[in-house]
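Colleague: I have a model open and want to learn how to read it. Can we go through some features together?

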Amino acid sequence: MNELYWCEFAWLGGDTAERGVALQVTGDRITDVTPAVAHPPTNSTVLRGVTVPGLVNAHSHAFHRALRGRTQVGRGSFWSWREQMYAVAARLTPDTYRQLATAVYAEMALAGITCVGEFHYLHHDVDGVSYADPNAMSQAVVDAAGDAGMRLTLLDTCYLTAGVDGSPLTGTQRRFGDHDPGAWAERAEGMASRVSDNVAARMGAAIHSVRAVPAEALPVVAEWATRHDAPLHAHVSEQRAENDDCQRVHGCSPTELLAGAGALGPRMTAVHATHLSATDIGLLGGSGTGVCMCPTTERDLADGIGPARQLDSAGSPVSLGSDSQAVIDLLQEGRGLELDQRLASGQRGHWSARELLRSVTTNGAQALGWSELGRLRCGDLADLTTIGLDSVRTSDAVSTSVLETALFAATAADVRSVVVGGRVVVNEGRHALVPDTARLLRTAVHAVLG
Ligand SMILES: [Zn+2]
């Protein structure tokens, strides 16, 4: 697979996009980057608009997509939303999960996403009984990403208790549990050996939260990730109630508990990190722990606004995720980081377009264990996302502020083409492998909800 692309504009990591960039792709890699090429070379594929590295969605729960629109009715909180989410989780099977996840990942590809971190905790059959293949649900997720032409990091999630006090799992939660940390590690080990044969998938570990993993089990998950040189993720302080419970039981914050368990460091990503103390920010930043913000979900669930800028300044790279899939649009996640801060502070200009773009590319790839992804750089994997500059939202973009147009005005609907590892997955806004993605989404959601 050799292809020469000519990009009308391309972001090569600077403050602005370069005009006229030729990218040679050989196999699944970028093998040459030539800026200042005024006109498309003969036999090149022309990418009109601005081409950026494939967008990376660092935090996803694919099946939450079935809730879209349905959970916007009436009032409530994170906790009432969670009951609705459990009702969907109760009904999924490996077959319906694979179909739904394929549709969701195809929607992500159409939004310019080429790599997703699936924070996967729906492991077992109803009543918590293992399937004949204990990794049937994990395999469904990995296969779905392949069907949709996406890269995936499977963040195999440890989920053992219903609360910080160690209360047992009940109802649908029993599907999430492996009974003890050793059983989780053994099942994850089995999945890791399968994923090792898949060039488009990688393995990671996750601590669901300090609610769901007892203090004595935290080091088991952290050590598993270290042993496999794999990313480690955890939901951290999304809700004040989690902080309060942790203080009551352990006398410290969730971040302090994770630090004591040896979980913090560059391989770790704290997801949400919404309600943090100055000590928490110091621990996360000082250890180089990444944070993943999910602004559209955090708004949707009325979680709050996390201290993203302070975390970045303290040393935590910020990535972004679509989480509950209320919206799948990383351009909106990017601008959400800035716009939420504007509302909270009364000031503009906390994050530049370049910094926001880095969050949805380079930082996301790093958080998911893909160090050779997230930049348009010779030798890196050839994942390219092109955003059109001729729609009603983006027309008349100024050449010196193309990145600002992309981050503050464009939406997922403006993604024109997507290349994953040298393979065209989206062409002129249509998915090459899942041509009628909207129909598949409808079919897949109805198969689960009836
Ligand atoms: Zn989440």
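Colleague: Is D396 buried or exposed?

Modeller: First, the ground rules. This is a predicted model, where local features need pLDDT of at least 70, side-chain atom pairs count only at pLDDT 80 or more, and totals for chains, interfaces and linings use all residues. Residues are numbered from 1 along each chain as its sequence is written. Now burial: a residue is buried if 20 or more other C-beta atoms lie within 10 Å of its own, exposed if 12 or fewer, and partly exposed in between, with C-beta atoms placed from the backbone. D396 has 7 other C-beta atoms within 10 Å, so D396 is exposed.

Colleague: Where is D396, and what is its phi?

Modeller: D396 sits in the loop between strand 13 (384-387) and helix 13 (402-408). Helices (H or I, at least four residues) and strands (E, at least two) are DSSP runs, numbered from the N terminus. Phi of D396 is positive, near 70°, and D396 is not glycine.

Colleague: And H179: what is its phi?

Modeller: Positive again, near 75°, in a residue other than glycine. H179 lies in the loop between strand 7 and helix 4. It is partly exposed, with 13 other C-beta atoms within 10 Å.

Colleague: How many residues of helix 2 are buried?

Modeller: 14 of the 17, so helix 2 is largely enclosed by the rest of the structure. Just after helix 2, G112 has a positive phi of about 90°.

Colleague: Which residues of helix 3 are buried?

Modeller: M137, S138, A140, V141, V142, A144 and A145. Their cover includes helix 2 and strand 6 (113-120). After helix 3 comes G149, with a positive phi near 75°.

Conventions: Two residues are in contact if their C-beta atoms, placed from the backbone, lie within 7 Å.
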